[in-house]
Amino acid sequence: MKYLISWIANNNDFKDGQAIKNGPTYLYHQYYYNYDKHFLLSSSKGDDTKVEFLINLLKKDFKDHYVEPIYLNVSDVINLNEIRTKLEKWLSSFNEDELDIFISPGTPAMQTAWYFIHMGLKLNTSLYQTRPAQFSKDKSKPERIKIDIEQSQVPVAVTILENDIEGSENIKFDEEYKLTSSIIPIYKRALQIAHTDNVSAIIYGETGTGKEHLANYIHKNSSRKGKPFETINCSALGDQLLESRLFGYAKGSFTGANENTKGVFENCDGGTIFLDEIGDISPYMQQVLLRVIQQKEIQPIGGKSKKVDVRIIFATHRDLAQRCQEDKFRWDLYYRLTIAELQLPSLLQRGKDELKEMISFFNKKAMRKFRRNKTLQFDKNCLKLMMDYHYPGNIRQLENLIERLYVFNEHEVNVEALPSHMTESETEHPLNMEYVEKEHIKRVLKIKKGNQLQTQLALGFGSINTLKNKMKQYSINAELYE
């Protein structure tokens, strides 16, 4: 099929609120129309009277020209990122068609978006603009000009985006969150994901590493930023409760269902849903989610199917590939989730320099929260213990520790102020190497939440079999640490 696509020219296609015959859209139909259909784009949500007036005029004068209005709901007509992502999402189904794009109508941002799409999406597109009759070679009609652009090996939109986010100053979220050197590259990748609206993403990371914050960053930097963002911890809910929370339910579908109730998916239509601990859901919920992702529709319990438009960001602390190998997770769902992956390091993996930065950052943050005149001062021994501790709860645990110290201390903090689990001595334990190795493996397994692959890598063992043999030797059960 061959289609014409263009934005409505809100100024030049109308005069005194009425569609005119010397506007760019009408003149294109008059002199250059040879298409199966014209998709006339509007930035509004729908019911645009100008669009209706223009289409009625075209239908009246060109009875064999079929024009279909497309309402893209663009909230900011000079926001290039929003326009481009809305267009890319809509154009995703035109892989087999020939598309002529009339770029003259629209704002400068709309026109620029067409260049990015033409060079980046690899669709069969051609770009055209028109020159008014008085400036054309043939003074009797406007001149149509095809725009030829040399294709680059790298999509221009991606190149410009990467240049735009080169410095960390472009990815600041707010003053309540510290971006250290190991985190900045992850937020750069997240920004690229944010600018690609039609893909899901998955964030790997231990509890307390900032997965929800990263997901919210993606949402706030996407074209969905004005729409709802909601979080659901999947591991905290059973199947029936999780299904009803996500998809809603119809009145009378089960005991206690006294009225029709919308779920998170319906409430977040147009926005973003963050599903944390997706690796813990049951096979039944895996199948349900797979259907939602594939069909882009939900079915409330006891109700009828409904189409929804949401971006889903998933997160887990588990190794999903390993769970697939163990038949605990579906491979087909795994492939759907892992289109765009982000890995957040633990606080231990980020190193002592960043730990020191984070202690200082949370110290200043707590000072403001507790309305103190100056930050707490840690004595030498106290600071050493804080720097040597492994923080299994990661950033969240460190922040909670600093706030705890503010509650019970006015100015200076010594070792006695620290929680007992940070200060208890281990000198009463055996000092032979077997005991030390066994306890260290157990400690790393606990930090890695029972993930054997990550434990093997953290310990520096050459293969997963080495770790498994050690665990067998010391009678260590990984499931106890999940």
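**Entry 1: the main core**

I started with the largest nonpolar core, which has 32 residues in this predicted model. By nonpolar core I mean a set of buried Ala, Val, Leu, Ile, Met, Phe, Trp, Tyr and Cys residues joined through side-chain atoms within 4.5 Å. Buried stands for under 20% relative accessible area, exposed for over 50%, and partly exposed for what lies in between (1.4 Å probe, protein chains only). F265, L275, I278, F314 and L337 have the most contacts inside this core.

I then looked up which elements supply at least two residues each, and found strand 9 (201-204), helix 8 (239-247), helix 9 (264-267), strand 11 (272-276), helix 10 (283-295), strand 14 (311-316), helix 11 (320-325) and helix 12 (331-337). Helices (H or I, at least four residues) and strands (E, at least two) are DSSP runs, numbered from the N terminus. Helix 10 gives the largest share of the core, six residues.

For my own housekeeping: residues are numbered from 1 along each chain as its sequence is written, and side-chain values use heavy atoms, with hydrogens and water left out. As the model is predicted, local features need pLDDT of at least 70 and side-chain atom pairs count only at pLDDT 80 or more, while totals for chains, interfaces and linings use all residues.

What does F314 touch, leaving aside its neighbours within four places in sequence? I listed S200, A201, I202, I203, F274, L275, I278, L289, I293 and L337, with contact meaning heavy atoms within 4.5 Å. Another core, of 25 residues, lies apart from the one above, and its members include A366, M367, I395 and L398.

Next I followed an open sheet of five parallel strands, in the order 10-11-14-9-15. Two strands pair if DSSP finds at least two bridges between them. Strands 10 and 11 run parallel and are joined by five bridges. In that pair I noted N233 opposite D276 of strand 11.

**Entry 2: two positive phi values**

E277, in the loop between strand 11 and helix 10, has a positive phi of about 55 degrees. D327, in the loop between helix 11 and helix 12, has one of about 60 degrees. Which is buried and which exposed? E277 counts as buried because its relative accessibility is 7%, whereas D327 counts as exposed at 71%.
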